[in-house]
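Keep the viewer handy and click along as you read.

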2 protein chains.
Amino acid sequence: MTNIRDMAVSTRKAAARLGVLGTEDRNQALEAVAQALESSAADIVAANEADREAAKTDGISTALLARLKMDEAKLRGEIAGVRSVKALPDPVGKVDITRELDEGLVLTRVSCPLGVIAVIFEARPDAAIQIASLALKSGNGVILKGGREALRSCQAIVEAIHRGLRGTAVDPEAVLLLSTREESTELLALDDYVDLVIPRGSNALVRFVQQNTRIPVLGHADGICHLYVDRAADLRMAVDVAVDSKTQYPAACNAIETLLVHEGIAADYLPAAAKALAQKGVSLRADASSRAILDAVKDAVVEEATEDDWRTEYGDLILAVRVVDSLEQAMEHIDSFGSRHTDAIVTEDSSAAKTFLAGVDAAGVYHNCSTRFADGFRYGFGAEVGISTQKMPPRGPVGLEGLVTYRYQLVGSGQVVTDYSGPDGRSFTHRDL
Amino acid sequence: MTNIRDMAVSTRKAAARLGVLGTEDRNQALEAVAQALESSAADIVAANEADREAAKTDGISTALLARLKMDEAKLRGEIAGVRSVKALPDPVGKVDITRELDEGLVLTRVSCPLGVIAVIFEARPDAAIQIASLALKSGNGVILKGGREALRSCQAIVEAIHRGLRGTAVDPEAVLLLSTREESTELLALDDYVDLVIPRGSNALVRFVQQNTRIPVLGHADGICHLYVDRAADLRMAVDVAVDSKTQYPAACNAIETLLVHEGIAADYLPAAAKALAQKGVSLRADASSRAILDAVKDAVVEEATEDDWRTEYGDLILAVRVVDSLEQAMEHIDSFGSRHTDAIVTEDSSAAKTFLAGVDAAGVYHNCSTRFADGFRYGFGAEVGISTQKMPPRGPVGLEGLVTYRYQLVGSGQVVTDYSGPDGRSFTHRDL
């Protein structure tokens, strides 16, 4: 029986060969994968039906069952996605520094693949297709570990991918599928062979991965986003932005969980916002000052907020509300309870907006628009590898650039450092070319 | 007694205020620090003498004692360094994406400070000055933890820095000095308050930090660099580059530890290289094929190499030597035993050079020059925050850009995602401005 380490070594070797291929070879491989997925559509859909039957028997939740679903229409969309990834600019081989250090000694910094990426995902078999295409595009090997409930679907998908790759310059071993939970634990220990792990699923999954591996993790456990309605807000805009930020897709990490309202506008704003939110089925968890205003609002569903509410990602039609006495108090609240994901201000006061944008420490800081824009596709990245709430780059919605790193190439004609040392040493020119 | 967490919170608050200051305010603070260090020169030098006296009594090594030394000349150099950092371009506020997502909805990506940086260093008190200036320049708070043997020096330095900052826009609490080993352990647990930790010292220190914190670490534990002398190498150049890469500063992480020689050139190259290396006092650890050639070389000091030698960072005038049968074998050796720091090829064959530069997975890949060039100053970064052998950026020698991250700012006029959703939704323009 092959163990995970041996498999990872094979993936690593295949990835090294993939990493030096040109743009055309990688794009051809993506086209071959798209075609193989097309010709295997019936098998994939059948495998997925079997997965869903089994999942139903196991009593899986409706939400999970919906995510598990891969019918022909869904698959067609995913195959179109493979071709979109193919059409993206090549993230590999981009040069961002070209500098003459001295005559005939030239430094370049060029982007290159990370090596091997591992993705651990729950139900969604579409993740296998998306991540495999992003990995191939960026010259990386990929180890896929899907949830048990999606196993048949993932196997059918990866079989098709392998078949597609067979006629191309890419060794099929560059894409590896793991299936058991034990393999997943072993995978997290392979920090010598895996360069990045991307957990895709619940906060609990992300946190588990973050706490159980030395491999760098791209992901975010929490999305506690805020909307601050400033004293100088346009009331109508502030209502619209709050409703969109909370209700357009409440389960998303970029939906708001807390609404902060300046005391100078609260009496005007809160009743209007509460009515609009109530129409969308949102219930509120309000602090004492907000409740004093909200209790008079017909239809509003209001409960008392505790400090726990400031720390809670509802992921649902629930919104915490707090009245603050100043912009500064709003920013302090965000600093104490936010998850540095995306926070927005609505105001017509450009100085307040400037203070907020400069001072709130989050991957996304927004002025007069919905937090729901925090997304790689909406940002124009063409693809989203993940969203990161860590401080170091890549941060926020991460496109293909999150799957590449860089390398310094220095090309000379025999230069040695001794000649540049001491009081009579040569000087560097440091001239950007 | 104040505990570390409370102190870190104060540093974090001071850092938040520092982070929104403009270029001028931060540069003025650096000038004030330089002047305060000048006027405290006598105190600092005296404190350093006391440290060195105590260290001698404790029987500290000569090498460590040399690093501990901060006389007036050394201090003058460090103060000049503060002013050089001041003169560097501001790393904060650089915009690298400006994109219209739709009319009146503009995304910018702008560089910003990380927040709080911690530096753990051994003997060298100069590290305190260097890192504090880099932190102030980049708008970050900094927690300094120096070695016990440098405590008096560090205290005198940080007192001067605090005094300098008092008349400026920067709160002196932005620079915090810790002194005990217990504090250092507590510091590593503060992943909620510290955004980056930079260990500066022995491999053992770096490894300890890497293995005992959840804070991102900028550093490198090993520097196992290789020089591969290709079949088509210019012999004279290959000798010069080997001598410089090994002997110009053998303790440096970018000095080579292993010399790989193509079998087609070994009989000509090795005797010449061995002679030149022997003149510099280098002893060799050679594999069987190299020994067959080297045994005939007068003056060469040659011992038998074992596989352990391929994994050893001597940091000394010792060099492992292996004959390989091909470029591919050289690259496999580097892949198996290298630390992904800096590896070089000497060859006149441009195709071999291209294969090496594209295929060797290291932060620095060099052609026809010494590995000793791997350094932030030589690269023209003006400063070196550290060297990283991790895969993810920042990688290799890291300048000020390693102390900043970025933030996405999105400024609109009430846009909501609902309007961009569904079959009739608005389209994004994604126009770079």
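Let's start with a term you'll need: a residue counts as buried if 20 or more other C-beta atoms lie within 10 Å of its own, as exposed if 12 or fewer do, and as partly exposed in between. Take Ser388(A) as a test case: it has 22 other C-beta atoms within 10 Å, so it counts as buried. Bear in mind that this is a predicted model.

**Chain A as a whole**

- Chain A has 433 residues, and 54% of them count as buried.
- Take the contacts in chain A between residues at least 6 apart in sequence: 71% of them join residues at least 24 apart.
- Chain A splits into two domains: domain 1 covers 4-218 + 400-406, while domain 2 covers 225-373.
- The C-alpha centres of domain 1 of chain A and domain 2 of chain A are 37 Å apart.

**Around Ser388(A)**

- Which residues does Ser388(A) contact, leaving aside its neighbours within four places in sequence? They are Leu218(A), Gly219(A), His220(A), Pro394(A), Arg395(A), Gly396(A) and Val398(A).
- His367(A) is 21 residues away from Ser388(A) along the chain, and their C-alpha atoms are separated by 21 Å.
- One of those contact partners, Pro394(A), lies in the loop between β14 and β15 of chain A.
- Pro394(A) is joined to Pro393(A) by a cis peptide bond, with omega at about -5°.
- Chain B has a cis peptide bond too, between Pro393(B) and Pro394(B), with omega at about -5°.
- Pro394(B) is placed in the loop between β14 (386-388) and β15 (396-398) of chain B.

**Helices packing in chain A**

- In chain A, helix α10 (residues 235-247) packs against helix α11 (residues 263-279), with their axes 9 Å apart and an angle of about 40° between them.
- Why call the pair oblique? An angle under 35 degrees would count as roughly parallel and 65 to 115 as roughly perpendicular, so about 40° makes α10(A) oblique to α11(A).
- The crossing of α10(A) past α11(A) is right-handed.
- On the α10(A) side, the residues that meet α11(A) are Leu235(A), Ala238(A), Val239(A), Ala242(A), Val243(A) and Lys246(A).
- On the α11(A) side, you'll find Asp268(A), Tyr269(A), Ala272(A), Ala273(A), Ala276(A) and Leu277(A).
- Sorted by class, this contact between α10(A) and α11(A) has ten nonpolar, no polar and two charged residues.

**Helices packing in chain B**

- Over in chain B, helix α2 (residues 23-39) and helix α6 (residues 126-137) pack at an angle of about 160°, with axes 9 Å apart.
- Angles over 145 degrees count as roughly antiparallel, so α2(B) and α6(B) are roughly antiparallel to each other.
- α2(B) brings Arg26(B), Ala29(B), Leu30(B), Val33(B) and Leu37(B) to the contact, and α6(B) brings Ile129(B), Ser133(B), Leu136(B) and Lys137(B).
- By class, the contact of α2(B) with α6(B) holds six nonpolar, one polar and two charged residues.

**Where the chains meet**

- 52 residues of chain B are in contact with 52 residues of chain A.
- Several elements of chain B each supply at least two residues to the side that touches chain A, among them β1 (95-102), β2 (105-113) and α10 (235-247).
- Which element of chain B gives the most to that side? It's β16(B), with eleven residues.
- The residues on the side of chain B that touches chain A divide into 25 nonpolar, 17 polar and ten charged.

**Two residues with positive phi**

- His430(A) isn't a glycine, yet it has a positive phi of about 45°.
- You'll find His430(A) in the loop between β16 (404-415) and β17 (431-432) of chain A.
- Asn368(B), also not a glycine, has a positive phi of about 55° and lies in strand β13 of chain B.
- Buried or partly exposed? His430(A) is partly exposed because it has 16 other C-beta atoms within 10 Å, whereas Asn368(B) is buried, with 23.

Technical notes: Residues numbered from 1 in each chain as written. Chains lettered and ligands numbered in written order. Predicted model: local features only at pLDDT ≥ 70, side-chain atom pairs only at ≥ 80, totals over all residues. Contact = placed C-beta atoms within 7 Å. Domains from an automatic or database assignment. Axes fitted to C-alpha atoms, helices over the stretch in contact; angles between N-to-C directions. Helix = DSSP H or I, 4+ residues; strand = E, 2+ residues; numbered from the N terminus. Left-handed = near helix turned anticlockwise from the far one by under 90°. Nonpolar A, V, L, I, M, F, W, Y, C, P; charged D, E, K, R; others polar.
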